[in-house]
Amino acid sequence: CVHTENCFVPISEIIAVEETEFNKKQRNIGRWQKMAKLHAFTVYYVKKARNHRWRCSDVTFWCVDKHLCNQWIQALKELLEMQKSRPKQLLVYINPYGGKRQGKKIYEQKVAPLFSLASVSTDVVITEHANHAKDNLFEVNIYKYDGVVCVGGDGMFSEVMHGLIGRMQKDSGIDQNNPKASLVQCNIRIGIIPAGSTDCICYSTVGISDPVTSALHIIVGDCQPLDVSSVHHNNTFLKYSVSLLGYGFYGDILKDSEKKRWMGPVRYDYSGFKTFLSHHYYEGTISYQPAKHTHGSPRDKESCRTGCYICKKSEEQLAEQHKEHGLKHEEAEEEWKVIKGKFLAINAVSMSCACPRSPKGLSPAAHLADGSADLILVRKCSRFDFLRYLVRHTNQDDQFDFPFVDVYRVKCFQFTSKLSEDNESNVLDLGKKRFGQFCRDHPACCCNIVNSTWNCDGETLDSSAIEVRVHCQLMKLFARGIEENCKDEAAYSQSSVEQLL
């Protein structure tokens, strides 16, 4: 065989191999044109570019021996068949309304051709209303699929995640309303094709919000475990969260922006500026259990990357603890830490929450699969100090290096607002409950502030008093985490195409 370029590709990153008609590939190959009829095959593979972007590239090999050409095609296809982690059949949900309403177009033009090339069969469902995908996942035979793909933003992913995890608990007889229940792991992977106004989860697990890159991660069968936090109120299940639980600043931004959806994505900037100026703080009590099983800390600057050592060791340590003590016994023995105060923001993140505007995210050293969340408490401070804290998210400075900011790595926590505590202690105090309390910082503005709202992965929660528990690696994504250096093509395995040839 002769080829026109040097190309080192591991079998794990080959997309497809196809026989190629010579007249379809007009190449100047010198002396080969003078010989007998040529036979060729094309190898389609992942080409890595800057900023974690992947593209489908190809290289064509020619030879004069038809039998030899067929042998190579067969050998390579057999090697691809041995890649057991690759999906063969996928269930695809497309949100045609999210973001810029480009979901259907993105899938049909950029993703479907790649799935077809890789011989991945799909059943496609165009969602028609909110919770369509979630409800559908309780009805379909999900066990015939190798994965579920959602085309949309973070809201679409959340819907699919809730449907898939909920279905697994239902089939296993687990009561989701029990906050202490050990949830059953969901082994059906979720793929995210970004097509929304926010694609935080895709950015934090792949390194870029790009439909083609995500499609290629799905095709090669990547697998990234993901921690999921369950949120309860009074023994009633509310939501699952994989990225941000935010009370105060981020909750107020979401609550205000929901009234301005007509503005499009710019509504987040407007509401953010408005919320910053209002500078509301909220009183309450945080109780938490430290994540003693973890091998990292929020300020150790150890970012979560592909094949993360901290995630692996923390998972092993947590499994060992559960094996020795059992979940309920361990929780009974574990000491709860209690913090009371006035807070501008309370954030709990299960991943860095990095995005293009904040390349490091809310907690740069948060891990995707270590069974913990980083609890960030921003106490009452001046507007200027709070602005300094917010600006730190866009640069390389330590954003936790302020006297009014505390961060803890936790496995569960509870929050109760001061107003809820007062109402529980005095049920006759209806005036406070109905009319709220005037903002003591701004008596002239007559701010009628009762409680903030919890922002749960971009969706509001009705209750301010919540109980949160992190479930280690409850689900899996078609991703591999963020690679250290996506352009580095060294250290490929013995099964590379070039070595075979």
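Tutor: Let us start with Leu91, which counts as buried because its relative accessibility is 2%, where buried means under 20% relative accessible area, exposed over 50% and partly exposed in between (1.4 Å probe, protein chains only). The model is predicted, so local features need pLDDT of at least 70 and side-chain atom pairs count only at pLDDT 80 or more, while totals for chains, interfaces and linings use all residues. Residues are numbered from 1 along each chain as its sequence is written, and side-chain values use heavy atoms, with hydrogens and water left out.

Student: Where is Leu91 found, and which residues is Leu91 in contact with, leaving aside its neighbours within four places in sequence?

Tutor: Leu91 belongs to strand 5 (residues 89–94); strands (E, at least two residues) and helices (H or I, at least four) are DSSP runs numbered from the N terminus. With neighbours within four places in sequence set aside, Leu91 is in contact with Asp123, Val125, Leu137, Val140, Tyr145, Gly147, Val148 and Val149, contact meaning heavy atoms within 4.5 Å. The C-alpha atoms of Leu91 and Val148 are separated by 4.8 Å, although these residues are 57 apart along the chain.

Student: Why are helix 2 and helix 6 called roughly parallel?

Tutor: The axes of helix 2 (residues 103–117) and helix 6 (residues 211–219) come within 10 Å and cross at roughly 30°. Axes are lines fitted to C-alpha atoms, for helices over the stretch in contact, and angles run from 0 to 180 degrees between N-to-C directions. Angles under 35 degrees count as roughly parallel, over 145 as roughly antiparallel, 65 to 115 as roughly perpendicular and the rest as oblique. Helix 2 and helix 6 are therefore roughly parallel to each other.

Student: Which residues of helix 2 and helix 6 meet?

Tutor: From helix 2, Ile106, Lys110, Val111, Leu114 and Phe115 meet Pro211, Val212, Ala215, Leu216, Ile218 and Ile219 of helix 6. By class, this contact of helix 2 with helix 6 has 10 nonpolar, no polar and 1 charged residues. Here Ala, Val, Leu, Ile, Met, Phe, Trp, Tyr, Cys and Pro count as nonpolar, Asp, Glu, Lys and Arg as charged, and the others, Gly among them, as polar.

Student: How do you know that the rings of Tyr247 and Phe415 form a tilted pair?

Tutor: Rings of Phe, Tyr and Trp (its six-membered ring) pair if their centres lie within 6.5 Å; planes under 30 degrees apart count as stacked, over 60 as edge-to-face and the rest as tilted. By this rule the count comes to 15 aromatic pairs. For Tyr247 and Phe415, the values are 4.7 Å centre to centre and 55° between the planes, hence a tilted pair. Tyr247 lies in strand 11 (residues 244–248) and Phe415 in strand 15 (residues 405–417), so the pair ties together parts 168 residues apart in sequence. Both Tyr247 and Phe415 are buried.

Student: Why is the pair of Phe276 and Phe386 called stacked?

Tutor: The ring centres of Phe276 and Phe386 are 6.3 Å apart and the planes lie at 15°, so the pair is stacked. Phe276 lies in helix 8 (residues 266–278) and Phe386 in helix 11 (residues 383–391), so this pair ties together parts 110 residues apart in sequence. Phe276 counts as buried because its relative accessibility is 14%, and Phe386 is buried, with a relative accessible area of 2%.
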